Amino acid sequence: MSVDYFDAAATTMAIEYDGQNNAYQATPWMPTSGSQTWKNQIFELNGIRFANGTNGADFRLRVHSINGVMPEICFARVQVTFATTPALSVMNPSLLFTTNSANLDFGTVGDLVSYEITDDQGVSLRTGSVPVGADGHASLSVQDLGPGFYNLTFSSLIDDQTVTRTTTFGIVTPTPAGALSPDSFFGIDTHFGHYKSLEDGLMNSLATIGYGHIRSDINWSLIEKQPGVYNWAGYGFEAKSQQSLELGMTPQGVLAYNNTNYDNGKTPSSAAGLAAFGQFGKAAAEHYKGKVSDFNIYNEFNGTGFNNGACGTTAACYVQMLQAMYGPIHEGNPDANVIGPIPSTIDDNWNNAFFAAGGINYIDTFATNVYGYALKGANTPPEQTLLVSKLPALVQQVRQAAGNRHVPVWITENGWPTYAPGSTELQQADNLVRAQVLAKAAGVDVFSWYSAMDDGTDPNNREHHFGLFGQPVDGVVGVAPKPGAVANAVLIRAVTGKTLGARDSLGSATAYSYPYTGGGSTTRVMWSTGSEDIALHTTQPLIVTDEYGSAQTVNPTDGAVILTLNGSPIYVTGNVDSLGLAQSAITMKVADQSIKGEAILVTVTADRSDRKTDLPNELTIIANGAQPIKLRTSPGKVTSATISVPATMLLGQRTIAVDVTKAKPGKGGNNKHEPSLVAGLRVTTNVVKPFEISVQPTITSDATSRSYFLDIDLKNNRTSAFTATQVTYQVGPASGEVPDVANVSANGTASMRFPLSDIPLFDSLRYSVTVDSENGSDTLSGSISYAPIEPTDHQSLPAIDLATQATWVSISGSRSGNSDLSGHLRINYNSDALVIDAMVTDDKHFGARTPSTLWQTDSIQFSTYDRVPGHAGGQRVEIGAALLDSGPSVYTFAAPAGQQSGPTPGAKANIVQDGSNMHYVISVPWTSLGFSGPPMQTIGISFLVNDDDRGSSGDSRDGFLQWGSGVGTTPKNPSLFRHAQLVL
């Protein structure tokens, strides 16, 4: 299906169609870039039925909204062509294979499929081509690659054009006996039925990984559409829980969230609503008896994300819900496992209130969600989260509260999202393994990772990227793993059937080693939050397995194996007499920064300056993809050798592993042909582009005029100069092309400034910058804005029209028009303060809130960022203001360094209501925004108006009008703020 469309925004689009699996079968979501040009997208619809089952049609186009706002993407032409073979796709339902069934199945109309396979670090392992048979398929066996995580690029010549696709795949050993068990520690969260045609491939993959538990919602509102009438078959949990059982996984249901038949469709809180919820729980327990015993009672009741009930979010309210559910569920199934309280995090005050209210008496298993991926900045490591600081104490608190009862402790959700401001996919894999081991060490009985599969493709949307499998891309029919899927499979295989022991003492607070013993052997899971050499003293061979399952047997040298630990866990199996920090005489160095596509030089040094240092006179240096080289050592000398490691095309942190072995293999025993390992070293380098583009909108001004520019910086990462032969740019309606722009010195930066005419002010503008050079081209695109902040005594620009320049984001209601919510906004300044002047039109006003909860009703919120939006390391401050029933209030939600949340220091509020108009004039001192005075640099700013048309309890907002973004939803994201600059 060929679709011509106007690329109006960076989002995703897909086609739902009447297919053989269901009437709403979906293609993968395809990204759009917001280039403001006409484009074409090809969709492949596999397994079509086309009997008008898609709501009376054969197919429909879908576009993802952006923060609740539908972008103005326009479709001009849709052309449908029928074929028995796709243009070029990898056809496997799942790209997670076991070692005995690793075969890639290509489908294409071409004659030949060419391919390249690289490892997890992007190093090329294999290239080649396979012929296409008469049936349009080509098969490639990859079994000989062995366990690991791999990247695949494949292409075919079609209609005289080369079509290229990319994806990933993983290979793991078969699922171990005992992994798929109700007694398993390992679980996974998913959304049954959400992934449509991908479901079977995903479910089989999850079983292959070895998850013993699988958790999904049992949605009350979609099952009990008429009071007392339950339609289980119409909801996805019915079929998928059965499929889980058939695959060996134990399904776990989340009874939630509300029902339009009770309590006005909100979280149940009245006696009648709670009783109905209890009867729903009883009916679920009866219906699933013998199949599903584990029932979560609600999810994250302690926050307003899921709980909008009249009672509120307190532990006491939740215990009332438990009291209404516990008895009926056990009436439905006496063997049911009632799981609660499942708060969103480990909140000591909330948990203490839960125990004080007797909540432990109404659960069989204590469970909590716990996230910490951004607790101390982007990609906060597990060791710095509540998994370490609070979880062990919580486990003990549960045991004490339970008394003589055995109440297990489960983690029902934990994860690290791989979105732009968060973790990379490789970091997610590291964090997953470390988090699960730390949770087990804290006494947790079951750990469920959130989640199985990404829910979207927006790179800035956190909720889209928690999965261990990514959303399919063009040319991929099934599900493709992220590194974390393979890493979790390797951990499960390493520890299944073994018992965790106490953490080994390595003489370092940042080095971790946890022994798992059973089945006649001990396997240690080892890592470091830094980089440290560890000596494992042994006289016997050890099996060392990397994070993705590649294993080697090594013989000790002089009674020890020395390994470098870093953030990527490894597994060491075998008898170890003792272990601890080592001062290795063998070290490895690499440049902190390496260039994409260029080989990396690694220097290995042997230090025998102390003549007592015992090292072989000849060593062999081995690196993946490189020819081994020799390193000769001599007493009293320091000698080095350099090995060239193959290039990678992957950007970001790359781990380089080097084995330093005796030149001659070890002697004796069954492992006499295995190398005698002197040191297994690992070091990291950051792979960057040859040159990098950055942009910044700039406004210059004097007493009589203002000018607008696009500033472009070119940073040369190479050690040789290069010339930018041409720069092409577009910002909103403005564009230009400049030849022979700049010569950029080695490791230097060149700056350019281009004037812009008739540039729209205050709006978000798409930009694109392409730089050509003799060594290649690169393009940077995104959004910027020009928002001049004028002095309070020199206002010449029109106000921001919130009806046309802001966007509506729905929470639980709609905006009927300008009379419902609109207004005008001016952002001004003086030497002392930033001044927000907003005239808001709203046909209803409510103010029954405290200052700290004013955001739940009619109010404004604004946020500043002290750097260019998108530049890391800045400080975000968020403030709200409202006319509450108690009077005007200005409250700081996110305070600058050295200050605390609370009433905004020094703020002045003049908030006046005149009928349906509310005039806010809020003056906030620069110091309360984290500035010493008026900032001279470009800053970020965002503003919104909350709309409450109901006046109910909790979060009562229908939605909000936002100018800028990144404030009204979580996580807060300053990269979405508008670019603002103070002018004269």
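Because the model is predicted, local features need pLDDT of at least 70 and side-chain atom pairs count only at pLDDT 80 or more, while totals for chains, interfaces and linings use all residues.

Stop 1: Searching the whole structure turns up five cavities of 30 Å³ or more. On a 1 Å grid over the protein atoms alone, a cavity is a set of points where a 1.4 Å probe fits but cannot get out, and lining residues have an atom within 4 Å of a point. Grid points are joined across faces, edges and corners, and a volume is the space filled by probe spheres set on the points. Select Phe-762, Pro-788, Glu-790, Leu-797, Pro-798, Ala-799, Ile-800, Leu-825, Arg-826, Ile-827 and Asn-828 to see the lining of the largest cavity, whose volume is about 80 Å³. Now colour strand 53 (821-829) and strand 50 (787-791), which each supply at least two lining residues; strand 53 gives the most, with four. Strands here are DSSP runs (E, at least two residues), as helices are (H or I, at least four), numbered from the N terminus.

**Stop 2: the second largest cavity.** Next, pick Val-840, Asp-842, His-845, Asp-858 and Met-918, which lie nearest the centre of this cavity among its 13 lining residues. Strand 54 (833-842), strand 60 (917-925) and strand 61 (939-947) each give two or more residues to that lining. The volume is about 60 Å³.

**Stop 3: an open pocket.** Move to Met-1, Phe-43, Glu-44, Thr-81 and Ala-83, which of 27 lining residues lie nearest the centre of the second largest pocket. A pocket is an open set of points with protein on both sides within 12 Å along at least five of seven lines. This one holds about 750 Å³ of space, and strand 7 (74-79) and strand 15 (161-172) each supply at least two of its lining residues.

**Stop 4: a helix pair.** Finally, show helix 6 (residues 348-356) and helix 8 (residues 391-402), which pack at an angle of about 10 degrees with axes 11 Å apart. Axes are lines fitted to C-alpha atoms, for helices over the stretch in contact, and angles run from 0 to 180 degrees between N-to-C directions. The angle therefore makes helix 6 roughly parallel to helix 8 (under 35 degrees). Asn-351, Asn-352 and Phe-355 of helix 6 meet Leu-394, Gln-397, Val-398 and Ala-401 of helix 8, where contact means heavy atoms within 4.5 Å.

Key. Residues are numbered from 1 along each chain as its sequence is written. Side-chain values use heavy atoms; hydrogens and water are left out. Angles under 35 degrees count as roughly parallel, over 145 as roughly antiparallel, 65 to 115 as roughly perpendicular and the rest as oblique.
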